[in-house]
Amino acid sequence: MSYLSDNIEALRRKDSALVYKIRSSGEVHSYLSPAPPLPNLRLKDITGKELFVYNPDNPLEECKLQLNMIEKEGGEQSVIFIGMGLGYGPMSVLREKLRIHQLIICEPSVEIFQMAMAASDLRPLILSDKVFFFIGEPDWEAFRRRVTLSAGDKIHLMNLSPLFHWRPDLYIPINQKAYETANQISVVSATNANNTQIATQNMFHNLTLAAHASSVECLKGAFKNRPALLISAGPSLTESLPEIKKAAGRCVMIAVDSALKPLMEVGISPDFVTTLDFREVNFEKLAPFIGNGNPTYAIVFEISACPMIPKRIPARHLFYAFQNNQSQEWVRHGLGVTSTLTDSMTVAHLSLGLALLIEASPIIFVGQDLSYTSDKTSHAVGSVFSSEGVFPENHIVPVTGITGEPLRTHRGFLAFKTGFETAIRTHPGTYINASKRGAHIKETTVLSLDTVLARYLTETLSPGEIIAYATMKKSQDRDGEKLLHACEGMAEKIGKKIKWVNETYEQVKKIQAKIQAEEGRLASVFCPDQLPPDINQEVMTLNSLKIHSDRMACINGLFYGAALEIDRRVVLNKQIMEKNYVEGVRDMLDIMLFENETHLTLLKEYEKRVSALSTYLEKEIGYKRGGENQGRLPDLLALYVESGDYLLMEEIFSTMRVAGMEFSPRSLFLLGISRFERLQFDEGERLFQQAAAQSPSLGDEVIAYKDRAAEGLLKNIRGRFGPVKEWLRRFRSISRGRAWANAKIQEIWGGDGVQIQTNIEKSSFRKAELLLDWWSPYGDLFPEWFYLNALLDDRTGKRSKALEHLKKAVSGKPEEDSWHALLARWLLEKGAFDDGINHLKEAVRLNPKNALLWIEIGDVLFESGDFQAALIAYENGFLALPAQGDGLRKMGDCYLKMKEPLAAIAAYEAVLKRNGDDMEARENLKTAREFL
């Protein structure tokens, strides 16, 4: 039986262009095998060997495996088939996996698709709103748009391997492209969904710098046809540092934030440092340079990046950058910014966007590994976030290296690689990958950095002068008035949006009430035209209101997470409406209520942020204009501490000091906060004490501030992602003398201490070493830290180091008897008899059970022939543990060896009196009597 006609008719209703495509492709070659129970496909691989696409005995066996893959994952999911065969797999998924949002079918062979149309009833697939076909060479832009609607889902990529053996030239490239596209969207959407709110918050925080920083667009074309070295922090960067040093002054160096530390450690100062990450922990990449008083590099920060970097890290120049984000359009307009950088998934992509903006050529990548080129570390030596190991195996994918060698990477790195390749295709030019190792970036030429130096970096260049000139010639909104006007305009728009959302909300409630009241009349309604006129009129009013409320795309773009949830509900709602129209209308109204409630909450939050920025700008403009008489400078100090602009605070402080102004206690207190936030704790403490001495009431404010700062650090320490050792060092500096802080840190240490000991027992020495290193700032307060170091040293063959650590542990906690006993054992083994005996005596004093060590020492001395010393050891053991029969018998053995039979007999008889069954004592007694 052929299903071709029925399937074609169904396909015509869904996609007439696809019908034309398969009709015009020629006649179908018959690879169909009608073997029962279901048709199969009999093909030949590239060697001519015959193969079946499906198991001849059970063609649905592959379907079970594919269904099981989906069953392993919970939550919302989408499925992409590369090669549909006869459609058995997609049909099974559609039928049995009701939570699938989208089922995307890529069948590169029109011929196979035609045979599927003839062999199977595909109408459920064809007519489903969940299913989308890409037949032949896919329209990749349409594919990308379709997959984007699955953002936030778990995406499963499935294929039929026999088709890949049949036509590897057809299926493998499409499979690779589909995977890279879906993976990139998955990685980006996860980042966006998780960070939309914090990115918006960061943007508003960073906008307080608008009058003090420059737009990166003032650098447009500044390095036209000059070479740019883009430095990333892959493990291979360490090997490239000597060549990079030679490149200084012969190109413009653009380094990602995490590469700055390894560069500066060998005396390389880049021209630009780029930073992008939303999270506060990103600050730690540049924290080592917070006290750099004369930096030569400029910082380029994406407007939504962690504000702690531009507000605390000194730089010669500060540039803000925007990506093509519609929700930020009003800000760009207010700042007079017309240029945006290419979309940046990572800080390395931001570096590429900067290189494209300044029109550099060639663009040279270095340290851009994008794969696991080292099992020891994920970043160059010295990077703040360098970590060991790799991702879980199910996240690992193969990738080709720059010299053609097979490498492994994870899905995130693969998405980043795809991002580079997309940007390079979009902006043709000369791109060179000079990384020592790593994944091959398509469209780049692979050259050694030495070759690049000889071929492209032959002329001297003064990037600092070029940057300074470009910044000087571009006028800026130095007072913030333009941005203030933009805020006022946005506040007005938000007010209108809130009004429309409220009206829409009320209209939805009104329609819901009418449907509830007329439920009986609506039982026979199956389409919109059958709705009663009064309800239909209310629906038309609702549609009109919704058009108004949807017009502000610049705000709607902020609601990423909510939008995904709404889209999912709408997809499910379509299925409900197919079965019961009125029930579907009810669900759609519920969706609209959810949408309006969500948007209203976010709008009000956004309104607060716009209002707060407006207030800040008004105050700053007023204070700066009044600062001519210096009377408003203290007000600026207070304003900047409120906004976290600590570098600006330091400028005001310098101005006041040069002018010889007297600092009020409040100003000293604010400056103390600035120093603490910029990690200058000793100087901050001095200012706090000075402020409190002049105004005792400030003492409570100092304590409250320190407690807040310590709480923030405690949260980071518990989170564990970042430089824990440095956070513990800061926590101790900030919270000194605070009982609550000591209790909290003891609690965390207790758990880590148990984990360290477990790691040592399991021989996971590297993990134990890492945790111990984290806690080194508290080593002098936690004797257990020294003890665990001693255990680790001993297990790793470092006995001398272990002894030193154990001595410190015992000194810090002299009441720990087991530590004295262990130290005694190690000292005696080393030959330090007197020290060992002293610690053993203390161990026995604290806990008589440790006297067993006396018996062990006696055994060693006995074996060495020193019977007199052994006797003393056994006597000590017996005195501490008189119930220990071995000690008394072994004393008899010593007397026997020393030819003192009477004493030996007395000892053995005493043992037998206690335990008549001690055969060893009985035999030795017999021997002793023979000496008489």
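Select N789 and W785: a polar atom of the N789 side chain lies 2.9 Å from the backbone oxygen of W785. This is a predicted model, where local features need pLDDT of at least 70, side-chain atom pairs count only at pLDDT 80 or more, and totals for chains, interfaces and linings use all residues. Residues are numbered from 1 along each chain as its sequence is written, and side-chain values use heavy atoms, with hydrogens and water left out.

Show helix α31, residues 783-795, which holds N789. Helices are DSSP runs of H or I, at least four residues; strands are runs of E, at least two; both are numbered from the N terminus. N789 is buried at 10% relative accessibility (buried means under 20% relative accessible area, with a 1.4 Å probe and protein chains only).

Next, go to S304, in the loop between β12 (298-302) and α12 (308-312). S304 is buried too, at 4%. Its side chain makes a polar contact of 3.1 Å with that of Q328 (a pair of N or O atoms within 3.5 Å, one able to donate a hydrogen and the other to accept it; residues adjacent in sequence count only if both atoms are side-chain atoms). The backbone oxygen of A199 lies 3.4 Å from a polar atom of the S304 side chain.

Finish on the open sheet of nine strands, ordered β8-β13-β12-β11-β10-β9-β14-β17-β18 with parallel pairing. Strands pair if DSSP finds at least two bridges between them. The edges are β8 (214-215) and β18 (445-446).

Methods:
Buried < 20%, exposed > 50% of the residue type's maximum accessible area, 1.4 Å probe, protein only.
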